[in-house]
Amino acid sequence: MFEKIHSLSIQLSSYQPLDKTFSLQLESLRGLSAITVLFSHAFQAFIAPQDVTFYSIVRLFGQAAVMMFFVLSGFLIGHSIQKNLLQNHTFSIRRYARQRFRRILPPFIFALFWMLLLYVLAPYFFATESHDFQLLPALMMRTAYDFSWVEVLGSVFFINEFLTPTLYANAPLWSLSYEVWFYLLAGLMAMWQSTFVRIGFVITLLILTVLNLQFLVYFGVWLLAFAFSFDQVRSRLDVHALKITQWIFAIFALCIAIYDAFQFFVIDQVKTYQANLFTMFNACIGVAFAIFLLQLFQKQHNFKPIWVSSARFSYTLYVTHFPILLFAMGVFPQSYLRSIWTSMLAVILSMLICIAFAWTMAKFLEPKQPLRPK
């Protein structure tokens with residue numbers, strides 16, 4: 001497939017721009033995915049310490065939403081590379097890098113400074129008058145608003161999850177480092193004709209895999225969606241076989257979800273929540289999502305876009321919401337909430353605050369058309 005990617009400068013007569021309906025569907029899916037992640041974390045922050053009835057399924061919904069991000073990313077980066085080749089008659093690495101940096105860095109840098117600001121303010125507003133949360137005999141998303149400078153440096157150089165832990169005070173950044181390396185590998189694939197580039201691709205992928213085997217699994221899902229963006233790949237696919245494959249992976253994901261709940265409620269008896277099944281679940285749900293996205297593109301399914309404008313602040317929401325939720329946990333501990341109803345109210349209010357904040361800041365941080373490749 002890599003050789004075909006490089007030869008696209010000649011073969012792009014089959015290139016299909018994204019039509020308006022499909023673009024709106026993608027924007028809707030991206031926005032809804034970000035809001036799902038937000039809800040999952042808000043649930044863990046305010047409801048799970050009091051009631052864990054739906055804890056397992058809500059966490060998996062959050063995981064599935066992240067995989068939707070990966071699938072959307074893979075498909076759109078493949079489409080963007082094709083457009084790059086078409087417009088420049090060869091792959092412009094400078095343009096590709098500029099677009100990726102413009103997309104990633106402004107919200108990411110802002111999110112780091114925002115996290116640090118809330119850290120400084122925490123002791124002045126937290127009920128404990130420190131960075132610690134009021135501990136209760138229940139599951140908690142975090143025990144303190146804290147981080148290490150090693151984690152910060154790891155995030156800055158996108159080596160968290162490979163050489164350093166992800167920021168304790170901004171957990172969603174684990175997937176951002178994956179995304180950056182996906183982009184790098186995709187750029188190398190677009191220049192596959194060079195022997196030097198091929199060696200660089202293999203070495204980079206090998207190092208990343210040795211450091212974190214999970215990365216290879218998720219890159220496989222991302223690469224599947226990437227491949228679906230090419231007409232040369234789509235033309236060789238069997239529609240019936242794809243539907244069967246989609247159902248198989250969806251059923252596997254459901255079985256893993258059921259066992260995950262069994263492990264949490266029966267084996268661990270609600271004392272801890274292990275994440276050892278997340279990789280398998282995410283891989284299965286990611287493949288099913290990738291096929292669903294292809295079906296949307298080929299109009300085999302119809303999805304009515306919902307809240308399309310949410311895509312315009314989805315990335316900012318994703319990288320800024322976690323510190324806000326932690327800050328809210330410190331200011332309004334569980335002893336203040338007292339009941340499940342006030343906890344549900346806290347979920348709603350915290351989500352509204354996060355969305356309003358991201359909507360405001362995204363006007364300055366995100367491109368105006370986040371999902372339409374340039």
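Analyst: This predicted model has 3 cavities of 30 Å³ or more. The largest cavity has a volume of about 70 Å³. Its lining includes Ala 45, Phe 46, Phe 133, Gln 134 and Met 140. Met 329, Phe 332, Pro 333 and Gln 334 also line the largest cavity. By class, that lining has 7 nonpolar, 2 polar and no charged residues.

Phe 46 links this cavity to a helix contact: Phe 46 lines the largest cavity, and α3 runs over residues 20-46. The axes of α3 and α15 (residues 340-365) come within 9 Å and cross at roughly 140°. The two helices are therefore oblique to each other. The crossing is right-handed. On the α3 side, the contact is made by Ile 35, Leu 38, Phe 39, Ala 42, Phe 43 and Phe 46. α15 brings Ser 343, Ala 346, Val 347, Ser 350, Met 351, Cys 354 and Ile 355. This contact has 11 nonpolar, 2 polar and no charged residues.

Helix α11 (residues 239-267) packs on helix α12 (residues 278-297) at an angle of about 150°, with the axes 8 Å apart. That angle makes α11 roughly antiparallel to α12. Their crossing is left-handed. Among the contact residues of α11 are Lys 243, Phe 249, Phe 252, Ile 256 and Asp 260. From α12, the contact includes Phe 278, Phe 281, Ile 285, Ile 291 and Gln 295. The contact of α11 with α12 divides into 17 nonpolar, 3 polar and 2 charged residues.

Note on methods. Residues numbered from 1 in each chain as written. Predicted model: local features only at pLDDT ≥ 70, side-chain atom pairs only at ≥ 80, totals over all residues. Heavy atoms only, no water. Axes fitted to C-alpha atoms, helices over the stretch in contact; angles between N-to-C directions. Helix = DSSP H or I, 4+ residues; strand = E, 2+ residues; numbered from the N terminus. Parallel < 35°, antiparallel > 145°, perpendicular 65-115°, else oblique. Left-handed = near helix turned anticlockwise from the far one by under 90°. Contact = heavy atoms within 4.5 Å. Nonpolar A, V, L, I, M, F, W, Y, C, P; charged D, E, K, R; others polar. 1 Å grid on protein atoms, 1.4 Å probe; cavity = no way out; pocket = protein on both sides within 12 Å on 5 of 7 lines; lining within 4 Å. Points joined across faces, edges and corners; volume = space filled by probe spheres on them.
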